[in-house]
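This report looks at side chains that pair up, either ring with ring or charge with charge. Have the sequence and the 3D view open while reading.

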Amino acid sequence: MKLKLTYFLFLLIVLNSCSRGNEENDVEDTEETTSSFTKWLIPKDEIFDGSGKDGIPSIDNPKFILGNDDRVNEYMNDADLVVGIKLGNEVRAYPHKILDWHEVINDNIGGRNVTVNYCPLTGTAFAWEFISDNKAATFGVSGLLYNSNLILYDRQTDSHWSQMELKCVNGKEIESKPNLIEVVETNWKTWKNSYPNTTILLDKQGFDRNYQVYPYGGYLDRDDFLLFPVKPLDDRLPEKQRVHGVISGKQLKAYRFKFFENGNVIRDFFAGNNLLLIGNENIIKSYVIPGDLLDLDFSYTYDDGESFFEDNTGNKWSIFGEVIEGPALGRKMLAAKSVTGYWFSLASFYPNPTIY
């Protein structure tokens, strides 16, 4: 499957962003990046090669420093977006500006092998783990894209995984689904104030990259400018408007940040679930309300600390839906299956989504 780019601008971007510097491995030909398994769960003729296999290098031995280290101020601003994870007592932040250049980070958090994956072209991030033959899988960037979205490959079987499909779409592991790890997407200020003990990915990872430069040029300057074909396109919202989508099977409901400015709480019902959405202009989190909590009143109370919202019985809840103070101390509310990203991407993978 030889797939050729017809986008001159994108060629310039790829030459800039995917240059391997002093790294030794050359980018492989597209035919060599595709699995020997011929069956795909996505249309093969709609898969495009953006950079070649491992042309965008994953970070496999990530280096972190404490969030309050003075060095952080040299490369992070309060408004910079991060992907945040909390597993047990370990709290970590992965800046978009580093993920833009690497897309995949294979990490170990609390003894669990977690792959953080981010697609700059669709603005979507997930974290997951997958066990194959009793061994934790690690992932790389295949260079292939479907609906402008990242396709990963696992290094154990060379199978291909569509990020937004949340499953393996080609190879030995076809139809397999990873175990999702809850993430928070927000700005650095919100994350470090909520979790002052956080560590953060260091801006020196052993690659010749300038993380202060966005590798895709003017991609974000125009809503109607896409580098690869996407279908279907839904014109109800600007294509690159950032929205929060709650996922249920093949359905998605999108929530716009404008409804959360200055802090807001929305209760909704979607796909059989009572939802609680809480956020502000920098973050939206969605939870599934259990039956015994349906009569509670919830209020947004975030004030640059760990407490994100409260209920009328005196419980204070964190961003991760954990009661950190109050009579139900230790209780956790299940996060809704969700993703934050650009409207065009959510609407292409979940056609005709409902818009709140």
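A residue is called buried when its relative accessible area is under 20%, exposed when it is over 50%, and partly exposed in between. The model shown here is predicted.

**Aromatic pairs**

Phe64 has a relative accessible area of 22%, so Phe64 is partly exposed. Tyr94 has a relative accessibility of 0%, so Tyr94 is buried. How many aromatic pairs does the model have? The count is 21 aromatic pairs. Among them is the pair of Phe64 and Tyr94, which is edge-to-face, with 5.7 Å from centre to centre and 85° between the planes. Phe64 belongs to strand 2 (residues 64-66) and Tyr94 to strand 4 (residues 90-95), so this pair ties together parts that are 30 residues apart in sequence.

Phe308 and Phe309 also form an edge-to-face aromatic pair, at 6.3 Å centre to centre and with 75° between the planes. Phe308 and Phe309 are both buried. These two residues belong to a cluster linked by ring pairs, which also includes Tyr287, Phe298, Tyr300, Tyr302 and Trp317.

**Charges over rings**

Rings can also have a charged side chain over the face. Lys53 lies over the face of Tyr153, at 4.5 Å from the ring centre. Lys240 is placed over the face of Tyr219, at 3.7 Å from the ring centre.

**Salt bridges**

The model has 19 salt bridges. Three of them are listed here.

| Salt bridge | N to O distance |
|---|---|
| Asp107 and Arg92 | 2.7 Å |
| Lys204 and Asp203 | 3.5 Å |
| Asp292 and Arg331 | 2.8 Å |

Which parts of the chain does the salt bridge of Asp107 and Arg92 link? Asp107 is in strand 5 (residues 104-109) and Arg92 is in strand 4, 15 residues apart. Asp107 and Arg92 are both buried. Salt bridges with shared partners join these two residues and Glu90 into one network.

Asp203, at 19% relative accessibility, counts as buried.

The salt bridge of Asp292 and Arg331 links distant parts of the chain, 39 residues apart. Asp292 is in the loop between strand 21 (283-288) and strand 22 (298-300), and Arg331 is in the loop between strand 25 (323-325) and strand 26 (338-342). Asp292 has 55% relative accessibility and counts as exposed, while Arg331 has 30% and counts as partly exposed.

Note on methods
Residues numbered from 1 in each chain as written. Predicted model: local features only at pLDDT ≥ 70, side-chain atom pairs only at ≥ 80, totals over all residues. Heavy atoms only, no water. Phe/Tyr/Trp six-rings, centres within 6.5 Å; stacked < 30°, edge-to-face > 60°. Helix = DSSP H or I, 4+ residues; strand = E, 2+ residues; numbered from the N terminus. Buried < 20%, exposed > 50% of the residue type's maximum accessible area, 1.4 Å probe, protein only. Lys NZ or Arg CZ within 6 Å of the ring centre and 35° of its normal. Salt bridge = Lys/Arg side-chain N within 4 Å of Asp/Glu carboxyl O.
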